[in-house]
Amino acid sequence: MGLPFGGGARVHGRADVPPPVQSSPSLQELLKRTFGFGAFRPLQEEIIRDSLAGRDVFALLPTGGGKSLCFQLPALVRPGLTVVVSPLIALMKDQVDSLTAAGVPATFLNSSLAAGESRPRLRGLHQGEYRLLYVAPERLMLSGFIEDLRRWNVALFAIDEAHCVSEWGHDFRPEYRQLASVRERFSGVPMMALTATATERVRGDIVDQLGLIDPAFYQASFNRPNLTYRVAAKSGAYDQVFEFIRARPREAGIVYCQSRKGAEALAEKLAADRVAAVPYHAGLDGAQRARNQERFLRDEVKVICATIAFGMGINKPNVRYVIHHDLPKNIESYYQETGRAGRDGLPGECLLLFSPGDARKHITFIEEKPDPQEQEIAREQLQQIVHYAETSACRRAELLGYFGEIYSDSSCGSCDNCLAPRATYDGTLAAQKFLSCVYRIRQQSGFDSGMNHVVEVLRGAETERIRRWGHQRLSTYGIGRDLDKSAWGAVGRELVRLGFLRVATGKFPTVELTDEGRATLVSRQKVTLTRPVTASGATKPKVGEIACDESLFEELRELRRTIAGELGVPPYIVFGDVSLRHMARLYPTSEDEFLRVHGVGERKLREFGPAFLELIGSYLASHPRREFARE
């Protein structure tokens, strides 16, 4: 089932939708009063109005694009309970803590709660004390829980991380499939599906599986302009990671590793080098994993080393960088993981350390999958992420193109390929040798071979396969001894990207000449190739940075840490970095001025305003105000 690429105002097809809700106060006023935001982000207001009108809604907004507000604000306007389905236990607590700090009555129910903790929450739900309830899909489907929901006057089901419902998505959860029965049992209750990553195929699957009826569809740009993207050749990976982190001692970051053992070893080594780092993966016992995550959320440790396979599900807005120590398995995972940087809109850096050897490790795992179709999908996805890592084109354009979005600018100005384009060279001779070798193997044997075998023939290797097939007698045997194996591999993969070669899908990914490659071989036309990525990279500009009094910012950050410690919550629950930077830029000294700070609502003004205003007043008594250019 296809979906339109806009939030059109089509007539809703259901007869049982409630009439539109007349909001008083205005949505804009409620946004500022409760959440402290002066304006909606793109598409938020339209999504909220369609939801309040009783329509099913599909919202595809990038990480950091403000998905949660799309169901949180309507919950304060309409009567009844908004039920938020989330697969991530840690994220539920995080969201509820943030809502509570803003004065919004919200709670969660999941397996992390003891019976004594669940009972008062259930009692509050029966008494109508809450506006939002976060639950895992497994709990939602319990028969007794379904009956409770009928008594709680449910006004909306919000399905967060909706891509989990699709087997074509990067994070399929079988329990999400059962949510289709929610529509059957609550046919009069509108539904909102939200996700940050979904290809067109996944989007259609979500609509079908959840039974959305003529949904209003909203898709924001996938572009995260405040993030910079860089790929570096993996060369002494630990030193690369350590030097990157050491240059950013005050900033929080995530390092993704392919294996649990790798995450553990990296965290231990960083800790030994006096970097506050802890591991996070599914192999840790639940208590240890929760403790490590909590320390990271509270800024007690600056770095968390996590496995790619285990989603963190955190809402920490001030993650300033994400490093991929190993190659992700697909572009969707990479996009989602890099998206955890800069969720507050301030600058975020994304560094991928690339080695072709990492791709070979993935291939080993792929071959262990029992389903041939799963293997084929995984191979295709792996080829796409390798292409991304090695491309000389704008990385932002490549990422957006994967999701069907065209990036029209010739240069993004914030990826390594745009900041410092890699050198090109006349690769005609190398291309002719490689293409000719592929052709000769096919001509003699009647079948195509894999990329590695072509390289072995070019290098004049003495392998059992070469002897068995007589490829040592080919005219191309040994004509490529001037380049090493990795260099020829890079040439071969670039010829695939240029369209001269095609990699066949299936268990044995062979390479074959395309019509364009055959024509190039015959005509001997010039072929321009790009030098491979190197271990160094371009320095990035700080897109999205808010200039402020850095000395005051550090004092505000310390006050925030102290208050958060007393309350037992992560620092960003008190105020995010954006709010602190605005304070350190505007120097508010009255309640009216403090209310104009981004992220300051009425509740936070009452609870935290006096302490922050006092600090700012004391600071100004001994420091001059600094002037900053208008943003």
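Predicted model: local features only at pLDDT ≥ 70, side-chain atom pairs only at ≥ 80, totals over all residues.
Are Phe58 and Phe217 buried or exposed? Both Phe58 and Phe217 are buried, where buried means under 20% relative accessible area, exposed over 50%, and partly exposed in between (1.4 Å probe, protein chains only). Residues are numbered from 1 along each chain as its sequence is written, and side-chain values use heavy atoms, with hydrogens and water left out.

View 1. Rings of Phe, Tyr and Trp (its six-membered ring) pair if their centres lie within 6.5 Å; planes under 30 degrees apart count as stacked, over 60 as edge-to-face and the rest as tilted. This rule gives 17 aromatic pairs. One of them joins Phe58 and Phe217 in a tilted arrangement, 5.0 Å centre to centre with 45 degrees between the planes. Phe58 belongs to strand 1 (residues 57-60) and Phe217 to strand 7 (residues 216-219), so this pair ties together parts that are 159 residues apart in sequence. Helices (H or I, at least four residues) and strands (E, at least two) are DSSP runs, numbered from the N terminus. The pair of Tyr238 and Phe242 is stacked, because the ring centres are 6.0 Å apart and the planes are at 10 degrees. Tyr238 and Phe242 both sit in helix 10 (residues 237-246), four residues apart, about one turn of the helix, and both are buried. Elsewhere, ring pairs link Phe222, Tyr335, Tyr402 and Phe403 into a cluster.

**View 2. Arginines over rings.** A charge sits over a ring if NZ of Lys or CZ of Arg is within 6 Å of the ring centre and within 35 degrees of the ring normal. The charged end of Arg121 is over the ring of Phe108, 4.5 Å from its centre. Likewise, Arg395 lies over the face of Tyr388, at 5.5 Å from the ring centre.

**View 3. Helix 2 against helix 3.** Helix 2 (residues 44-52) packs on helix 3 (residues 69-77) at an angle of about 45 degrees, with the axes 9 Å apart. Axes are lines fitted to C-alpha atoms, for helices over the stretch in contact, and angles run from 0 to 180 degrees between N-to-C directions. Helix 2 is therefore oblique to helix 3; angles under 35 degrees count as roughly parallel, over 145 as roughly antiparallel, 65 to 115 as roughly perpendicular and the rest as oblique. In this packing, Gln44, Ile47, Ile48 and Leu52 of helix 2 meet Leu69, Cys70, Leu73, Pro74 and Val77 of helix 3.

**View 4. The surroundings of Ala431.** Ala431 is part of helix 18 (residues 428-445) and is buried, with a relative accessible area of 1%. Not counting residues up to four places away in sequence, Ala431 touches Leu495 and Val527, where contact means heavy atoms within 4.5 Å. The C-alpha atoms of Ala431 and Lys526 are 9.2 Å apart, although 95 residues separate them along the chain.

**View 5. The surroundings of Asn110.** Asn110 is in the loop between strand 3 (106-109) and helix 5 (115-126). Asn110 counts as buried, at 2% relative accessibility. Leaving aside neighbours within four places in sequence, Asn110 is in contact with Ile89, Met92 and Arg139.
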